[in-house]
Every structure is written in C-alpha cells, then in structure tokens.
Amino acid sequence: MAQCGGPGEAAGEAEHPPEVIVPSTFPIRRIVVAVVLSCTVLVSTTACGGETRSTENTTRSTTEKSAQDAALVAATASPTPSAERQRLAKTRFVANAGLAAGAAYQWIVKPFKAGKFKKGAKGRTFALVKAGLAGAFTYNRLKAATENAKGDPLLSKALAPLSSGIDSLKNMGTKLRNGDASDADVSQFEKVIGGVKDAGAGAGAPVKDQVPSAGQLAGG
C-alpha cells in the first residue's frame, strides 16, 4: 500500500525549501548616512558660528581701540579750553593795543612834535580834529585791551599797574580837539602806550603799531 506523502513528495519538498524573507539593509544605511551628515552639518555650523562671533569680537575690539586712540590723539593735539581762552585773549589784546598805539603816534605824538597843533600852523584845525578823534579812540582801545588781558593771568597781572594811567586819557580827546593839550598831555600818551607795550612783551604778547582806518577812527 502506497503511503501519502511518500518519498517523491518528500523529495519535492527538499528541492523547493520555503522562501525566507531577509529584511533589506538600505533603509538602515540611509538613516545612518543621514545622522552622520546631520552631525557634520551641526558641527560645521557651530564651528562657523564660533568663528563668526570671534571675528565680530575682534572687529569690535579693533574699532573700539581705534576710536580710543583717535580720541587720545585729539585730546593731546587740541588745546585745552583754558589754553584756547588765553590764546584768544592775547590775540585780541595785541589787536586793540596795536590800534591804540598806532592812532596815538600817527595823529597825536607825530603831529604835535611837528608843530601842527600850534596856533597859526598850516592845517592846524584839521590836525586838531584828527587828534581829538585819535585821543578818544586810543582810550577806548586801551580799555578794550585791558578787558582782553583778563583772559590771561600773566598778561592781566602785567597790565594792572597801568590802569590809572589809561584812565587819565579818558578826556584827553576833548583837550586835543580844543587845542588845549600840553607837552605833558602828549607825553602821557607816550608813557601809557610804552607801558602797555612793555607789559605785552613781558607776557608773551608783543604789540606793534597798527594805524586804524578813517572809519575805525571815527567809530572809536
């Protein structure tokens, strides 16, 4: 009697074994590659970010240092407010004192010594008018120079003893215009102007005669 599933059937089964499904490794490799790439990008980004911050910090530090250096140079090169005030005070003093000296010599001392103020002298009236204007102008410019000198301690100190002599010239313009000025009056102009020049020279502000224009003379 033949049995089911005899040797033939067993042989068939041996020739065709059951199919075994092996999972593919492709998805796993893809995941591994993706993870590796992500880590690489992360590291690169972190490194670049660190490098960027480092560069920014270096640039900021360089800029700040440059600004500090520029400020230091400017502070060293620029005069202080006190020094600038003193410089301006001397400049203005020299200008006003120079105009006073120029006017006094040109229209008071010089014509007086030339005899232009004497009665009967040719052009006496014109000379006296000019002398009167010059007398008032000289006084006003010397008072202005005295105010200017207050901006510089050394100059102010040097000019202080001359204040009374300058005040004595206040009404001299009127005397000159009226023809009443004496040798002593004219000598007072020379004395005061000489003292102002000496004070300026001693304080580092030498004064040179500057003859004023007709407009300056009339304006005082």
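Author: Start with the overall picture. The secondary structure comes to nine helices and zero strands. From the N terminus on, the elements run α-α-α-α-α-α-α-α-α. Helices here are DSSP runs of H or I, at least four residues long, and strands are E runs of at least two, numbered from the N terminus.

Two notes on the basis. This is a predicted model, where local features need pLDDT of at least 70 and side-chain atom pairs count only at pLDDT 80 or more, while totals for chains, interfaces and linings use all residues. Residues are numbered from 1 along each chain as its sequence is written, and side-chain values use heavy atoms, with hydrogens and water left out.

Of the 220 residues of the chain, 27% count as buried. Buried means under 20% relative accessible area, exposed means over 50%, and partly exposed lies in between (1.4 Å probe, protein chains only). The chain exposes about 14600 Å², and carbon and sulfur atoms supply 61% of that area. Accessible areas come from the Shrake-Rupley method with a 1.4 Å probe; for residues, only the protein chains shown count as cover.

Now the core. A nonpolar core is a set of buried Ala, Val, Leu, Ile, Met, Phe, Trp, Tyr and Cys residues joined through side-chain atoms within 4.5 Å. The largest one has 38 residues, and Phe93, Leu142, Leu176 and Val196 touch the most other members. Two or more residues each come from α3 (81–113), α4, α5, α7 (172–177) and α8 (183–202). Helix α3 gives the most, with 10 residues.

Take Val196. Leaving aside neighbours within four places in sequence, Val196 is in contact (heavy atoms within 4.5 Å) with Phe93, Ala97, Leu142, Leu159, Leu162 and Ile166.

Next, Thr138, in helix α4 (residues 124–149). Thr138 counts as buried because its relative accessibility is 0%. A polar atom of the Thr138 side chain lies 2.7 Å from the backbone oxygen of Ala134. Not counting residues up to four places away in sequence, Thr138 touches Ala100, Ala103, Ala104, Phe189 and Ile193.

Last, Leu154, in helix α5 (residues 153–159). Beyond four places in sequence, Leu154 is in contact with Gly202 and Ala203. The C-alpha atoms of Leu154 and Ala199 are separated by 9.4 Å, with the two residues 45 apart along the chain.

Conventions. A polar contact is a pair of N or O atoms within 3.5 Å; within protein, one must be able to donate a hydrogen and the other to accept it, and residues adjacent in sequence count only if both atoms are side-chain atoms.
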